[in-house]
Amino acid sequence: MAHPDPEPESTPGPDTEPAAAAEADAEAEAEAKVEESPEEKQQRTIIRFLWSCSWLTVLTGVFLLSGVLQTYKTYSALSWLGAVVAVLCLVALIAAYVACARGKLTLRTRLLGPFDLFQLSTLVMVVAVICGLLIPSSNTAALALLLPWALTYWMYGLDRTKTPTT
């Protein structure tokens with residue numbers, strides 16, 4: 001009876017080495033992604049917070065508008081003025097947060113003389129809260145603007161050592 005030839009032993013050939021090298025390269029890239037510098041982590045966190053601030057401000061605007069639409073029949077002229085100015089301030093704040101999150105501006109960008117974006121956004125936020133309080137049904141929505149502002153205040157204080165950008 002004839003025995004079939006035993007299976008040949010697998011010997012490392014030229015096609016097995018590149019696969020091992022590719023796996024090693026992939027592992028090195030994964031480790032490089034894991035080992036992110038503290039500055040990159042801080043910048044990524046700041047961008048996430050800025051996007052969060054913009055979405056929180058959008059939600060505040062939605063709550064403000066829903067309150068206005070529910071009780072608009074009882075508004076005086078002062079209430080309407082407050083509603084319009086508050087909405088305009090919300091649009092300005094959302095635009096500023098989105099511009100910062102996209103990297104077009106920073107909180108320390110000088111916009112008007114010695115005033116930077118954070119200082120001007122604080123002024124806009126105060127005006128929005130005061131005008132929002134003039135609306136009879138939207139006190140909570142107006143005060144909700146303090147949360148995104150508090151996050152930007154915290155981020156503004158993170159890079160105190162940096163010089164203002166122009």
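What percentage of the 166 residues in the protein is made up of buried residues? Buried residues account for 29% of the 166, where buried means under 20% relative accessible area, exposed means over 50%, and partly exposed covers the range in between (1.4 Å probe, protein chains only). The model is a predicted one, in which local features need pLDDT of at least 70 and side-chain atom pairs count only at pLDDT 80 or more, while totals for chains, interfaces and linings use all residues. Residues are numbered from 1 along each chain as its sequence is written, and side-chain values use heavy atoms, with hydrogens and water left out.

The fold comprises 6 helices and 2 strands, taken as DSSP runs numbered from the N terminus (helices: H or I, at least four residues; strands: E, at least two). Along the sequence these elements run α-α-α-β-β-α-α-α. Among contacts with a separation of 6 or more, 71% join residues 24 or more positions apart, a contact being heavy atoms within 4.5 Å.

The largest nonpolar core has 28 residues, of which Leu50, Leu64, Leu107, Ile135, Leu145 and Met155 touch the most other members. Such a core is a set of buried Ala, Val, Leu, Ile, Met, Phe, Trp, Tyr and Cys residues joined through side-chain atoms within 4.5 Å. At least two residues of this core come from each of α2 (38-71), α3 (77-101), α4 (117-134) and α6 (146-158), with α3 giving the most, 9 residues. Beyond its neighbours within four places in sequence, Met155 is in contact with Ile46, Phe49, Leu50, Cys53 and Leu107.

With residues up to four places away in sequence set aside, Thr152 touches Leu50, Cys53, Tyr97, Leu107 and Phe118. The side chain of Thr152 also reaches the backbone oxygen of Trp149 at 2.7 Å; a polar contact of this kind is a pair of N or O atoms within 3.5 Å, where within protein one must be able to donate a hydrogen and the other to accept it, and residues adjacent in sequence count only if both atoms are side-chain atoms. Thr57 lies in helix α2 and is likewise buried, at 0% relative accessibility. Leaving out residues up to four places away in sequence, Thr57 touches Leu90, Leu93, Ile94, Tyr97, Leu145 and Pro148.

Helix α2 also holds Phe63 and Ser66. Phe63 counts as exposed because its relative accessibility is 53%. Together with Leu59 and Val62, Phe63 makes a nonpolar surface patch of about 300 Å². Patches consist of residues with over 30% relative accessible area and no salt bridge, with nonpolar side chains (Val, Leu, Ile, Met, Phe, Trp, Tyr) joined within 5 Å and like charges within 9 Å; a salt bridge is a side-chain nitrogen of Lys or Arg within 4 Å of a carboxyl oxygen of Asp or Glu. Ser66 is partly exposed, with a relative accessible area of 30%, and a polar atom of the Ser66 side chain lies 2.9 Å from the backbone oxygen of Phe63. Although Ser66 and Ala141 are 75 residues apart in sequence, their C-alpha atoms are 9.8 Å apart in space.

Note on methods. Areas by Shrake-Rupley, 256 points an atom, 1.4 Å probe, with all protein chains shown as cover.
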